[in-house]
Amino acid sequence: MSPRFITKTIHAYLDYPVALGLIAMPFLFGLGETAPLALWLSVITGVAAFVLTVLTDHHLGVIRILPYSLHLTVDAMVGVAFVAAPILLGFVGLDFWYYMGLGLTVLAVVGLHQPEDSTATA
């Protein structure tokens, strides 16, 4: 089994719950104690992720106008931004670890993505 096991299909199934989680989790966890932006960064990113998923050309996309490669690029940029945000914006405590953990997870998912030419032969 290749270490790059996250296929386009698996990724598509993760997209909607992750987007909704990004919207809901900051409220459930009480983020924003160190900075209001710690609350809203996740919510805004969740809304954008939901729209991106709706517009992505994969089997769960509703209006399939954006290439999947663009979707992965945006995911990678979000991962980098989430890792950088707590450092650059001075988040501490749960706010810091929420973004650091999510950012590293997003980067891992993107890094473990199986290229589409590999999925065609598998």
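Analyst: Helices are DSSP runs of at least four residues in state H or I, and they are numbered from the N terminus. The model discussed here is a predicted one.

User: In which helix does Gly101 lie, and is Gly101 buried, partly exposed or exposed?

Analyst: The residue Gly101 belongs to helix 4. Its relative accessibility is 31%. Buried requires a value under 20% and exposed a value over 50%, with partly exposed in between. Gly101 in helix 4 therefore counts as partly exposed.

User: Are helix 3 and helix 4 roughly parallel or roughly antiparallel?

Analyst: Two packed helices are described by the angle between their axes and the distance between the axes. For helix 3 and helix 4, the axes come within 8 Å and cross at roughly 155°. The crossing is left-handed. Angles over 145 degrees count as roughly antiparallel, so the description of helix 3 and helix 4 is roughly antiparallel.

User: How are helix 2 and helix 4 oriented to each other?

Analyst: Helix 4 covers residues 93-111, and helix 2 packs with it at an angle of about 25°. Their axes are 10 Å apart, and the crossing of these two helices is left-handed. Because angles under 35 degrees count as roughly parallel, helix 2 and helix 4 are roughly parallel.

User: Which helix gives the most to the nonpolar patch?

Analyst: The nonpolar surface patch has an area of about 760 Å² and is made by Phe27, Leu37, Trp40, Ile44, Ile87, Leu88 and Leu89. Two elements give two or more residues to this patch, namely helix 2 (36-55) and helix 3 (68-88). The element that gives the most, with three residues, is helix 2.

User: Is Ile87 of this patch buried or exposed?

Analyst: Ile87 is one of the residues that make the nonpolar patch, and it is found in helix 3. Its relative accessible area is 55%. The cut-off for exposed is over 50%, so Ile87 is classed as exposed.

User: What is the distance in space between Ser69 and Leu31, C-alpha to C-alpha?

Analyst: Ser69 lies in helix 3 and is partly exposed, with a relative accessible area of 49%. In sequence, Ser69 and Leu31 are 38 residues apart. In space, their C-alpha distance is 31 Å.

User: How far apart are the C-alpha atoms of Glu116 and Met25?

Analyst: Glu116 lies in helix 5, which comprises residues 116-121. With a relative accessible area of 40%, Glu116 is partly exposed. Glu116 and Met25 are 91 residues apart along the chain, and their C-alpha atoms are separated by 31 Å.

Definitions and conventions
Residues numbered from 1 in each chain as written. Predicted model: local features only at pLDDT ≥ 70, side-chain atom pairs only at ≥ 80, totals over all residues. Heavy atoms only, no water. Patch = residues over 30% accessible without salt bridge, like charges linked within 9 Å, V, L, I, M, F, W, Y side chains within 5 Å. Areas by Shrake-Rupley, 256 points an atom, 1.4 Å probe, with all protein chains shown as cover. Salt bridge = Lys/Arg side-chain N within 4 Å of Asp/Glu carboxyl O. Buried < 20%, exposed > 50% of the residue type's maximum accessible area, 1.4 Å probe, protein only. Axes fitted to C-alpha atoms, helices over the stretch in contact; angles between N-to-C directions. Parallel < 35°, antiparallel > 145°, perpendicular 65-115°, else oblique. Left-handed = near helix turned anticlockwise from the far one by under 90°.
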